[in-house]
Amino acid sequence: MKCGCRLFSMLVLAVLFCGASAAEIPAGKVYTKAEYDLAYQVLEAMDSEKHFEIMKGEMLEMHLKAAPQLAPYKEIFMKFFDKYLVFESMKKELADIYLDLFTPEEIRELIAFYRTPLGRKMTEKTPELTLRFAQIRQNIVTKHISELQSELKKAIEAEQKNAAPAVPPVPQK
C-alpha cells in the first residue's frame, strides 16, 4: 500500500506540475510563416525561454515542498523535465497559443508593450506571479486533501464492490 500511495503522489505531482490538458490549435487553423515569426517575436520580447527555465525549477521545488516524500526522487523529476520540457521543442506550440488568442495587430502591440520599462518589469515579475498563484492553489488543495482522499477512497471501494463477482449461493440438500 505504501508503494501505491507513493506512486499516486507522484502522479498527482505530475498532473499538478504539468497541467491536466494540453493546449491545441482549433481544428482547421493553419498559420503562415509570417504569423509564426510575429509570435516568436512576442516570445522573445517576453524573454520566455529564460523564464520558462526558471519556472520549471521553481514549480518543482514548490511541489516537492508540498509532497516532501517525493524529495528523494527530485533528480528523476529533473531529468524527466529536462528531457521533455524543453522550450525550443515547445516554441511552435507556444506560438500557436498566441496566434489563436490574439490578432497579428494585438501581437504587435504586445511586442511593443514588452519592450517598454513596464513590459520588461512585467516579464521579470511574471514567474513570481505565476509561482505565487500556484502556491495559493497548492495551499487550497493541501488544506482540503483529506476530503479528496476520502472521496477517492469511496469511489474506488464502490468500483471494487461493483466489480466483485457475485458468489453463487451454495445449494442446500
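**View 1. Contact between helices α2 and α6.** L38, A39, Q41, V42 and A45 of α2 touch P104, I107, R108, L110, I111 and Y114 of α6, where contact means heavy atoms within 4.5 Å. The contact residues comprise nine nonpolar, one polar and one charged; Ala, Val, Leu, Ile, Met, Phe, Trp, Tyr, Cys and Pro count as nonpolar, Asp, Glu, Lys and Arg as charged, and the others, Gly among them, as polar. The model is predicted: local features need pLDDT of at least 70 and side-chain atom pairs count only at pLDDT 80 or more, while totals for chains, interfaces and linings use all residues. Residues are numbered from 1 along each chain as its sequence is written, and side-chain values use heavy atoms, with hydrogens and water left out.

**View 2. Packing angle of α2 and α6.** The axes of α2 and α6 (residues 104-114) are 9 Å apart and form an angle of about 25°. α2 is therefore roughly parallel to α6 (angles under 35 degrees).

**View 3. The loop residue D47.** D47 sits in the loop between α2 (33-45) and α3 (48-66). D47 is not a glycine, yet its phi is positive, about 55°. With a relative accessible area of 24%, D47 is partly exposed (between 20%, under which a residue is buried, and 50%, over which a residue is exposed; 1.4 Å probe, protein chains only).

**View 4. Helix α3.** The 19 residues of α3 should span 27 Å at 1.5 Å a residue, and the 26 Å between its end C-alpha atoms agrees. Buried residues in α3 include S48, H51, F52, M55, K56 and M59. Also buried in α3 are L60, M62, H63 and L64.

Methods:
Helices (H or I, at least four residues) and strands (E, at least two) are DSSP runs, numbered from the N terminus. Axes are lines fitted to C-alpha atoms, for helices over the stretch in contact, and angles run from 0 to 180 degrees between N-to-C directions. Angles under 35 degrees count as roughly parallel, over 145 as roughly antiparallel, 65 to 115 as roughly perpendicular and the rest as oblique. The expected span of a helix is 1.5 Å times one less than its number of residues.
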